[in-house]
Each structure stands twice: as C-alpha cells, then as structure tokens.
Amino acid sequence: MTPEQLSTAVRDVLAAAVEAGDVSLPDGVPATVVIERPRNRDHGDYATNVAMQLAKKAGTNPRALAELLAVRLRESDGIEAVDVAGPGFLNFRVAAATQGELARTIVEAAASYGRSDVLAGTRVNVEFISANPTGPLHLGHVRWAAVGDAMARVIDAAGAEVTREFYINDRGGQMDKFGMSIMARAHGRDVPDDGYHGDYITELAQAIVAEQPDILDLPEAEQLVAFREAGYRLQLAEQQRQLEEFRTRFDVWYSERDLHEQGRVEHALDVLRSKGHVFEADGAVWMRTTDFGDDKDRVLVRSDGTYTYFASDAAYYVDKRERGFDVCIYLLGADHHGYVARLKALAACAGDDPDANIEVPIGQMVKILDGGTELKLSKRAGTMVTLGQVVEAAGVDALRYSLCRYPTDSPLTLDVAQITKQTSDNPVFYVQYAHARLSSILRNATELGIDRGELRPELLDHERESVLLGALAEFPRVVATAAELREPHRIARYLEDTAATFHKFYDDCRVLPMGDEDATDVHRARLWLVDATRVVLANGLGLLGVSAPERM
C-alpha cells in the first residue's frame, strides 16, 4: 500500500463518517490527507495527524475523532492495524501482502514509476541559461546547466508540459566587439583592449578564413559583419555541443535578435500600454513597476529612441505568455538578485499574477577546486575555464549529481578529487554502486537459472523488507514535491537514503541461495524487491541526468 492509497483510504473513511452523521465538517473533507513515515518504526509503517487538524472544526477533541476513524479504518483492506497515539495521531501497520505488492507495481511500471499528474494541465517554460554567443560556455554556467535541466525533468515527471529554453544574447555592442576581435586575429593584429581575448578567438579566425578564404578581401565594414556572423554561427554550435555532452538539452534556442527583428518588442509595448502601466516622461517611455514593489520605475525606450535591455525582457515575457505558458521560470545567478523584483513587477504590469505566473529562483555561485586550486575565469582576459574543461576534469555524472545535490540558494564548493573518488563517502559513487550491485544480483540469478516466477508478496514480511518497501513507496511523492518546490536536490538525498536502506536489507536478507541450496519462493520474492529497488534508483538518477551503471 502506497502513502497515496492510504491517504485515499483515510479520506474515504472521513467522507463515510460525515455521510453517516458521525462527524460534522462544515468545510467538507480535505482534498488530501498527509501520510508520513514515522522516524521510529515502533510507531508503525505510516502515520497521520489528520484528527488533530480537523478536531476543532468537527467540534470534538482530536483523540475522540482519531478513535472514531480508527474503528472504520481497521475494516479497510490492506491495513493490518491502526493505533491511536498521543493527543490523536493515527499509526498504521499495513499487511505484508499488501505492501509486498508494491514490488510488482514498480517492476511492471518500470521507467514510468515515480511519475504523477500533480502538475498535469500546466505548461511551464524553464529558461535556465542566458548567454552571449561570444565564447564557450564557462564555469559560471555550469550550475544552472545541471540544476535547470534536472528541474525541468522533475517538473515533466509531475505531469506538466515543459519547454526548456536557452536565451541567446545575440544583439548589442558585444557582438560587434566579438566580430572585431576575430577580424583582428585573422589579420595578425592585436585584439582591442575591450575586445575578446583568448586562444578560442584565434581558432575561430583560422576556421573562418579556411572556410571563407575571400573574407579578407571584403571592405572593412562588410568584413566585420562577415566575421561577426560566422563567429556567431561557430560559437553557438560549440555551446550546443558542450551542452549536449553534458546531457543538457534545450527545446528552444531563442534569439534576442528575432525578438526585435520580428516586431515583438513593439507589440509587447502595445500590450503593456493597454494595461495602463506605461507612461512618458523626460522624452523617454517608462513602465511604472513601482506600482508592484520594484524599487524604481524602468525605462523601456530611451529619449534617443533606442530600446533598453529591459524592453527586451518585457517583450520576452509577453511572448512567453502568448506562447501559452502558464508558468515562466527564470533561473538566475546571484549577481542578478536585483532582477527578481523587476521581473515580478513586469508580470504584474502585464496583467498577470506575479506569485503564480513567474518564478525567479536565484542560484549562488559554485567554486570548483582541482588539485587544491580554485578554477577561475576571466572571459575577456582569455583565462577561461570552460564547461567542457570542468566536465573533462570531473566527469558528467559526478559533476551533475554533485551540482544537483544541494539547494541552489546555498553557495557551493566542489573538490574534483572528492566527487570523483570511488568510496562510499562519495554520494554519487554510493548511489551508482547500489544500482550496479542490484544489477549484479539480478545477473547472478539469471546465471544460476533462477526464474523469479510469480511474486508471493506475503513473503516479504522481514523488518528490513518492510522498511525498504516503505522507502520505495515514497518515491512518487518525493518526485512530486521536488517538482512543486522546484528542488531537484530532494531526489539526490532520497536516492542516498534509499541506497543505504537497500544495503541494510541486503546485509540481513539473503537474496540468492547459498551453495547447493534450492531457490525458494522467499528468494524469488526478494528478487522482485531487488528489481523494484533497481528501477527506483535508475529512475531517480535519470531525473538528475546521471547514468545508472550496471557494472562498476
């Protein structure tokens, strides 16, 4: 019996008690009843404090309400015992056969186990990298490349329709400086001080000249544009390649240029004017974001007629909403903390609910140590640490898991030596090793000719089996909570706890027969449980974009 099934059973009993006139609930039966796993297993398999929550509304005391519900719940299929504890807790023990059936449910569900429909019907846009196409993706992008992708995966697993979006900052003066830097290198000249430096600029220049030998004969103005556009194309392709190698994939690569060239900025200003929050002052066009908590009003069009970057932000948000997204998530770095209030105010000025239609999680910086030395970057100076170099140093699995393991609002320091060592105190190794061990057990069973056959769930009645089944039952709820709170780190911590629970089970419960022993139905039932655990660990690692190795 899963927590969801038990929650439904409690709700059904409440509804029946109300209908029979035994309980009065003026506000009706709650939509959900929270079921938890007690820390102390002596208190049962599951518990709820629903009687304590509803007693006042029901005009009775919590313990009396709990006793009334316990009588009815004891008649429910799959519930072995119900006890009332303390001021009104309901503690449950579920029947071994009922709980053991979960192993079959998980194995048959396979990759779909853990998915739910809690966010079904919601369209979510997750924008988690916004970068200039003027150089490789660097250390500053690495945290969001992992966490943003994992966040999108868990939201998708909760039933929402998710679009992953990369915003290309391909407009403005930095693009001309980029083209000028490449052109200078192509002619063997020094790059201007305010240009882009580094070996990659020289490599781009060489690649472009090799591809277009006549480019050096163009007039200087045309040549600048040609180098800029060719460099843009090559560098964007390199960013896409790096992200693909990091298992981070985007559904949409959205160009800031297109936003302007296709008239979407003008359209957005018309939309915002119609909402009554755009005004003119000092020859400029403003949006009155102070109406909604911003620290100052924002300029959209300068007095010289040029658009501000905030005008692009406004147009981009309006465009997202017109594309049908219910929730727009912007994952920003710590240096963009000031954007939160203005983006929230922007949503309100567009007529939306800033608490529902837009979310702006802020991620703190990550430091990565390699050989005891912090990897640092300076994009223009050319001392760049690229995403590719970090991946090469740590590996995709170790880096993704370690970045996703912590709340994004906490500063993070990762030591390459620590996150890549193959010992049990390294979380990613610990979880992957558990999956490999589970896979090995199943392989060994096949080699021994043991067919697990039909599951007899009532045989999974050992204390360790019960605890492990309880942990596996929690997985869908953990995924749903991670999706609703936008916290993929909950998946990683769950996997570590479940791996530890499996190892304790394996220490106490022999899965395969010893020596010349014949396989029993208990062995076969435990093989079902082993396979179910393997499925859960694989699905959880998949949500983090981390591989589930079968051998280590």
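With which residue does Arg405 form a salt bridge? The partner of Arg405 is Glu496, with the closest N and O atoms 2.7 Å apart, where a salt bridge is taken as a side-chain nitrogen of Lys or Arg within 4 Å of a carboxyl oxygen of Asp or Glu. This pair links distant parts of the chain, since Arg405 lies in the loop between α14 (396-404) and β16 (412-415), whereas Glu496 belongs to helix α18 (residues 489-508), 91 residues apart.

The model is predicted, so that local features need pLDDT of at least 70 and side-chain atom pairs count only at pLDDT 80 or more, while totals for chains, interfaces and linings use all residues. Residues are numbered from 1 along each chain as its sequence is written, and side-chain values use heavy atoms, with hydrogens and water left out.

By the salt-bridge rule, the count comes to 40, and three of these pairs are listed here.

| Pair | N to O distance |
|---|---|
| Arg405 and Glu496 | 2.7 Å |
| Arg526 and Glu465 | 2.5 Å |
| Asp270 and Arg273 | 3.4 Å |

Arg526 in helix α19 (residues 521-543) and Glu465 in helix α17 (residues 463-485) also come from distant parts of the chain, 61 residues apart; helices are DSSP runs (H or I, at least four residues) and strands likewise (E, at least two), numbered from the N terminus. Arg526 and Glu465 are both buried, as are Arg405 and Glu496, buried meaning under 20% relative accessible area, exposed over 50% and partly exposed in between (1.4 Å probe, protein chains only).

Asp270 and Arg273, by contrast, both lie in helix α10 (residues 264-274), 3 residues apart, about one turn of the helix. Asp270 counts as partly exposed because its relative accessibility is 47%, and Arg273 counts as partly exposed because its value is 39%.
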